[in-house]
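The following questions and answers concern the terms applied to a structure and the grounds for applying them.

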Amino acid sequence: MNRTDDRLLPVLLICAQALVWPGAALLRGSVPSASALLVAALVAGPVTAALALRRTRPVTTLVLVAAACAVGAGPLPTGAMAVLGTAGVALALFTVATERDTFTAVLCVVALVAWQLLQGLSLHGLSDRNGLDLVLTALLYAAACGAGLLVRRTRRARQTAELLLKRAETERHRLPAVERRRMERELHDVSAHHLTAVVVTASAALGLRDRRPELAAEALEFAVGTGREVTRALGAVRAPAPSREDLPSPEDRLLDLVAGFRRLDQQVDCEIDPLPDGALADAAYGIVREALTNVARHAPGAQTTVRCRYGDTRTDVVVTSAAPPEGSTAHGAGLGGGRGQGFLRSRAREAGGTLHSGPTADGGWEVRAVLPGRTAAPAERSVPRSYRLAQLTVAVGLVLQPLLPVLVIRAETASSSSHVSAGVLFALLAAAQAVALLWLRRAPRRAYGVLLGLALLWPVAMAVGDYSGPVVLPPALSMLATCAALAAEAARKAAPRTTGPRKGRGELRDQPPRTRSVTTALRAERIAAVVVHTAALTVAVLDRGTTVPAWAVAASATAGASLAVGAAWWGGILRGRRDLAARGVREEQLATWTGEAVRDAWAERRRIAAGLETTVLARTADMVAQAEAGRLDETAERAREALAAMRALLDAVREGEGETGPELRPQPTLQALDLLAHQSRATGREVEIRLTDRVPEHLPTAVDLAAYHAAETVLAAGGEEPAVLELDVHDGTLTLTATGVPGAARPAVRERLAARVAALGGTLTNDRPGTVCLRLPLAAAPESEESAR
């Protein structure tokens with residue numbers, strides 16, 4: 001929302017207030033006094049200005065609006081502050097809930113309600129008035145705060161999804177380059193250590209053949225052994241084991257970085273958690289490197305601590321340096337370009353986090369970055385306990401402020417009657433319902449039962465407190481809590497039903513047992529809600545006395561309760577379906593980008609492997625054959641040819657960066673599982689691949705492709721918990737067991753897996769929640785080979 005919209009809403013509130021007062025009074029022919037108009041203008045001005053700035057200072061805005069409306073309500077007639085005192089305060093509370101954390105929002109609601117209650121007690125005492133206005137005010141504030149928290153949670157979920165997709169898209173472009181660099185590095189190592197050694201040894205033996213003929217035999221033996229080692233190493237380059245970690249882990253990179261600064265006489269201590277490879281690890285590495293570089297420049301020899309904590313919701317990267325020791329000279333203070341802090345903040349911002357730096361109390365310097373965690377949620381700045389204590393202190397001070405006039409001004413004489421007003425009873429019942437709603441997620445059935453029991457007590461409170469207001473209002477207020485609980489439960493439990501096509505009533509028996517039990521339970525909850533609230537409303541109306549027949553009252557109450565419960569039910573269902581659809585779109589996009597990343601990286605691997613097979617491996621095999629035949633000259637020549645072919649291949653790899661096209665994307669096999677696991681880890685999900693020794697290097701093509709695509713389908717089903725894929729071969733059957741994949745139980749996922757398995761005559765089982773097992777016979781028919789492609 002832009003600044004124009006921020007100013008527009010307060011102006012609309014002022015116009016609405018002007019229509020209520022003094023507009024309504026002027027229409028009745030009553031002209032307000034000049035002093036009243038002046039007071040209203042003095043109150044409306046600060047309120048409008050504060051509400052226009054509510055997004056930058058929401059808590060301050062709430063305090064100013066509430067205080068101004070309370071001050072203006074005293075000398076002004078009734079209704080003069082009605083709109084600003086309700087809608088204005090509710091708007092400020094809504095903004096607090098959307099822009100600040102949950103603790104601050106709840107504290108503001110509780111403090112505001114308590115402040116208004118104590119203000120009423122200090123001015124009027126505890127009278128016998130029904131006090132329903134207090135309950136309505138508290139419900140309004142709670143509704144505004146709840147709506148704000150819901151908007152904040154929805155916005156945060158959307159940001160989390162966008163951050164996750166952004167991370168996946170980044171890795172989609174990054175993974176092929178990472179695979180290319182890995183193979184390029186390993187090819188270079190093979191050429192530098194193995195083939196070069198053969199060339200040097202053979203050339204030396206040829207030069208000394210006349211004086212030391214025994215070197216020729218040693219050179220030939222060395223060429224045979226090295227040639228076989230080259231063949232084995234290049235085979236690992238072409239098809240690494242899926243569980244093998246080819247690149248240094250982010251933790252090892254950080255430890256190496258710290259070790260490098262220690263070699264520069266920097267005193268660095270570190271506490272580093274394992275990080276997933278990807279943009280998050282790159283950002284953490286860049287921040288730590290830049291921070292340590294600044295310490296070496298400006299505070300050489302200072303005691304420095306590096307802490308990297310990887311959690312579920314956030315990752316904390318903190319580099320703290322003490323004051324430089326006395327007598328140390330900052331030789332590199334003038335070497336920087338002055339852009340280091342900007343680079344640090346940009347790295348953190350690109351990773352979806354924040355960064356703050358500044359001096360410490362002991363004269364040192366601290367760089368603190370908060371990055372996303374495992375769930376890829378946007379990182380929030382941590383709040384120290386001292387700040388929370390200050391918030392509580394200020395809230396208590398503001399709440400007790402209305403009691404100060406009692407020490408100076410004598411309040412009105414309170415009623416000495418022991419009769420409890422209906423307002424007090426309504427407030428207690430509303431508080432009990434609020435507590436029950438807080439327990440809804442932990443103990444839904446108990447909380448729902450408590451809500452229904454409390455609904456029956458509202459007519460009792462009306463009778464005991466001699467309530468004389470609108471008879472339908474208290475039962476309707478009690479129904480709000482029940483409808484909120486029903487909507488929340490419907491949204492939460494409707495997800496299993498919406499994974500497949502809608503089913504009619506006649507198809508209920510065909511639903512899975514879990515779905516059928518959920519449907520039955522929700523239907524029973526709706527019936528119980530209608531019965532209880534119909535009884536409460538009927539009793540309340542009949543107790544007040546009416547000329548309408550009892551059956552007509554009961555029928556009307558049933559219709560009203562059914563309408564309210566049905567609206568809450570379908571509202572929850574629609575919300576659940578909307579959330580599920582949004583999650584499905586996100587998972588589909590994530591799976592698409594993961595598949596593209598793996599296929600691009602696999603294409604790079606196959607492109608380089610093809611060059612190995614036609615050049616380097618062929619010449620290496622010739623070198624081994626010539627060495628076994630005892631021909632030293634030919635052995636040295638073949639080694640030089642293999643080395644030249646390797647260097648030509650490296651040049652071709654560098655020149656061919658980014659040239660992979662759709663036509664060069666072969667279908668990945670099980671040898672690409674390491675790429676799939678790498679991509680999943682980079683997006684924040686831990687995936688482990690386990691292969692037993694019984695799994696052969698070469699599987700039937702149909703089985704190889706089907707097993708890979710099954711693993712890809714299982715991981716693409718979504719989920720944030722760690723997943724494990726285990727592959728084993730026993731009695732001519734390849735078994736793929738996936739754990740930590742609850743999404744594999746969804747009908748659409750099971751259908752895709754069943755199609756893969758059925759084409760090869762295999763089986764699919766899902767005996768335990770979050771676990772799926774596929775068995776594929778290795779004896780695949782030729783037609784299965786073709787269909788799998």
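Buried means under 20% relative accessible area, exposed over 50%, and partly exposed in between, with a 1.4 Å probe and protein chains only. This is a predicted model, in which local features need pLDDT of at least 70 and side-chain atom pairs count only at pLDDT 80 or more, while totals for chains, interfaces and linings use all residues. Residues are numbered from 1 along each chain as its sequence is written, and side-chain values use heavy atoms, with hydrogens and water left out.

Q: Why does Arg690 count as partly exposed?
A: Arg690 has 38% relative accessibility, a value between the limits of 20% and 50%, and therefore counts as partly exposed.

Q: What makes Arg694 count as exposed?
A: The relative accessibility of Arg694 is 51%.

Q: Why is the contact of Glu688 with Arg690 called a salt bridge?
A: A salt bridge is a side-chain nitrogen of Lys or Arg within 4 Å of a carboxyl oxygen of Asp or Glu. The N to O distance for Glu688 and Arg690 is 3.0 Å, so the pair qualifies. Glu688, at 37% relative accessibility, counts as partly exposed.

Q: What makes Arg694 and Asp728 a salt bridge, and where do the two residues lie?
A: Their side chains meet at 2.4 Å, N to O, which is within the 4 Å limit. Arg694 is in the loop between β6 (687-691) and α20 (701-716), whereas Asp728 is in strand β7 (residues 723-730), 34 residues apart. Helices (H or I, at least four residues) and strands (E, at least two) are DSSP runs, numbered from the N terminus.

Q: Why are β1 and β4 called edge strands?
A: Two strands pair if DSSP finds at least two bridges between them. The open sheet of five strands has the order β1-β2-β3-β5-β4, with mixed pairing. β1 (268-272) and β4 (354-359) each pair on one side only, so they are its edge strands. Five bridges join β1 to β2, and these strands run parallel.

Q: Where is confidence lowest in the chain?
A: The pLDDT, the predictor's confidence in each residue from 0 to 100, is lowest in helix α22 (residues 782-788), at a mean of 46. Where pLDDT is low, the predicted coordinates should not be read in detail.
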